[in-house]
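Reader: I have a structure on screen and want to learn how to read it. Where do we start?

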Amino acid sequence: MITNIKDLEQYEGKTVRLQGWVANKRTGKGLVFLVLRDGSGYCQCVVSEEQVSNETFETAKRATQESSLQLSGAVIKDERQVGGYEIQVQEINILQETVDYPISNKEHGVDFLIENRHLWLRSRKQWAIMRIRNSVKYAIYTFFHERGFIQIDSPIFTGNAAEGTTTLFETDYYGQPAYLAQTGQLYGEAAAMAHGKVYTFGPTFRAEKSKTRRHLSEFWMIEPEMAFYDLDMDMDLIEDFIRYIVTDTYKNCKQELEILERDTALFENIGKKFPRITYDEAVQILRGERDVNGKNSIETLRDDLNEIAQRIGDIKEEISTREATIQQAGVKAGVKNFNQAKVDNLKNELRDLEEKQRNIPQWIDSALNFTHGDDFGGSDETVITRLFNTPIMVYKWPAAIKAFYMKRDEQDSEYVKGVDCLAPEGFGEIVGGSQREEDIDLLLARIKEHQLPEEVFNWYIDLRRYGSVPHSGFGLGFERLIMWLTNVPHIRETIPFPRYYGRLFP
Ligand code: 4AD
Ligand code: MG
């Protein structure tokens with residue numbers, strides 16, 4: 001029988017058989033330490049020359065990184081190990097000896113890693129991210145299921161645009177143009193009139209011809225749609241939903257979050273009410289005309305710059321000290337490797353900080369010169385959310401920069417009842433939603449204004465023709481959410497095989 005590493009605690013003191021891959025190997029005098037990974041977890045397996053046959057010891061020495069193998073050994077409790085257990089190996093059988101595995105435990109450039117995404121998925125951090133993705137997906141289904149929502153699958157081939165015509169992927173659909181769905185929303189609206197409360201959860205597509213750290217060409221979106229909901233009810237649901245997912249992740253993904261060294265402040269603050277501010281207020285905050293809890297956006301950025309300069313100085317000093325140690329005559333291999341690993345990490349941190357040092361002055365410039373009526377750019381969202389420690393809701397947006405289906409504000413017809421939820425710590429938009437225009441004449445006028453072809457929306461307009469009711473919904477970008485929860489710097493690490501401008505393989 002084969003045991004999973006995640007179940008080792010049930011076998012303390014017993015002998016088990018494990019199968020998996022060598023994640024890491026170290027050798028000492030008469031000892032080989034193999035870190036085995038089997039998909040369910042990681043575990044250190046110790047092979048002692050004194051306790052095993054010569055043949056087994058030789059086999060252990062041959063087991064290179066990513067060799068596949070089976071082994072048997074005794075389960076020993078050891079608090080210092082990840083997972084809390086260690087294996088005292090008795091026998092090893094290599095299935096395949098791996099030669100020259102491309103990804104070593106040294107630091108690699110991210111371009112190289114993404115080229116090798118099919119292998120990179122095996123690395124510990126990537127493993128943790130995908131497990132969190134899986135856990136969150138389950139939490140999403142549970143949240144809606146427990147609240148009586150019906151899950152509806154919307155089509156991927158669609159005949160009309162819904163989120164602007166500039167990001168459409170056009171395909172040939174039996175001689176007629178079809179577009180890959182940018183959103184499932186319009187179909188969700190139809191289904192909400194059949195079931196009351198529904199949600200879609202599927203892949204969506206946007207031709208984003210720019211490389212940013214938050215945009216994918218193919219991403220997954222969760223889109224609830226509720227009959228008889230107004231914008232306030234919509235915002236309440238967004239808040240409950242995000243709080244539920246974050247709390248659930250904190251509870252069920254402790255080990256993964258630890259691997260990712262996720263700062264836990266997010267989880268500690270998630271119980272607080274999410275501030276709701278209008279677009280106009282957000283503009284004032286961005287420009288530094290309005291403080292948040294005594295913090296000013298522009299001053300905060302300038303403080304960041306000073307701190308960064310300080311840290312850069314410290315890092316450079318530490319690098320040169322450690323490099324001097326490495327170069328000393330007669331330095332031990334262990335000391336050398338230890339210092340080299342530190343230097344590699346410091347150099348990475350330095351690179352990130354220097355990038356920030358170049359960017360922040362531009363962010364300040366863009367914030368100070370922001371024009372009311374424009375949409376926020378990525379850096380603007382970073383600047384605004386930097387001041388908060390919970391997600392925030394920005395509502396009441398200028399109609400001109402939002403989609404045709406959003407309901408106008410009755411008091412202020414230049415504005416729509418739309419909301420964006422922005423994640424804190426500089427992450428930015430994770431949710432976009434709104435109350436929908438339920439009046440047939442107003443909706444027709446919006447379609448004209450947006451210069452959209454009315455014919456393709458006939459079916460959608462029917463929803464306003466037969467028993468129209470107030471209704472609302474939102475879309476949560478699944479990868480944006482995972483990016484925030486795991487605190488990875490780039491969205492491409494949050495999906496197994498990312499598709500973004502310029503990337504189709506692997
Ligand atoms: O704000 P968006 O465009 O809204 C909609 O699509 C609405 N139909 C949703 C609705 O009301 N049912 O997109 C919603 C979310 C964004 O907040 C963002 O999190 C994510 O989808 N998103 C992207 N994620 C990754 N890559 C992209 N290119 C994205 N575009 C949007
Ligand atoms: Mg949006």
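Author: With the classes of residues. Ala, Val, Leu, Ile, Met, Phe, Trp, Tyr, Cys and Pro count as nonpolar; Asp, Glu, Lys and Arg count as charged; the others, Gly among them, count as polar. Keep in mind that this is a predicted model. In the shell around ligand 1, eight residues are nonpolar, eight polar and eight charged.

Reader: Which residues are closest to ligand 1?

Author: Glu-163, Gln-185, Glu-223, Glu-429 and Ile-430 are the closest of the 24 that surround ligand 1. Strand 15 (428-435) is one of the strands that supply at least two shell residues. Strand 15 gives the most, with five.

Reader: How do I read polar contacts to ligand 1?

Author: Look for N or O atoms within 3.5 Å of each other. A polar side-chain atom of Glu-163 sits 2.6 Å from a ligand 1 nitrogen. A backbone N or O atom of Leu-216 is 2.9 Å from a nitrogen of ligand 1. The side chain of Arg-436 places an N or O atom 3.0 Å from an oxygen of ligand 1. The protein covers 93% of the 630 Å² of accessible area that ligand 1 has on its own.

Reader: Is Glu-239 buried or exposed?

Author: Buried, because its relative accessible area is 4%, and buried means under 20%.

Key: Residues are numbered from 1 along each chain as its sequence is written. Chains are lettered from A and ligands numbered from 1 in the order in which they are written. This is a predicted model: local features need pLDDT of at least 70, side-chain atom pairs count only at pLDDT 80 or more; totals for chains, interfaces and linings use all residues. Side-chain values use heavy atoms; hydrogens and water are left out. A residue is near a molecule or strand if one of its heavy atoms lies within 4 Å of it. A polar contact is a pair of N or O atoms within 3.5 Å; within protein, one must be able to donate a hydrogen and the other to accept it, and residues adjacent in sequence count only if both atoms are side-chain atoms. Accessible areas come from the Shrake-Rupley method with a 1.4 Å probe; for residues, only the protein chains shown count as cover. Helices (H or I, at least four residues) and strands (E, at least two) are DSSP runs, numbered from the N terminus. Buried means under 20% relative accessible area, exposed over 50%, partly exposed in between (1.4 Å probe, protein chains only).
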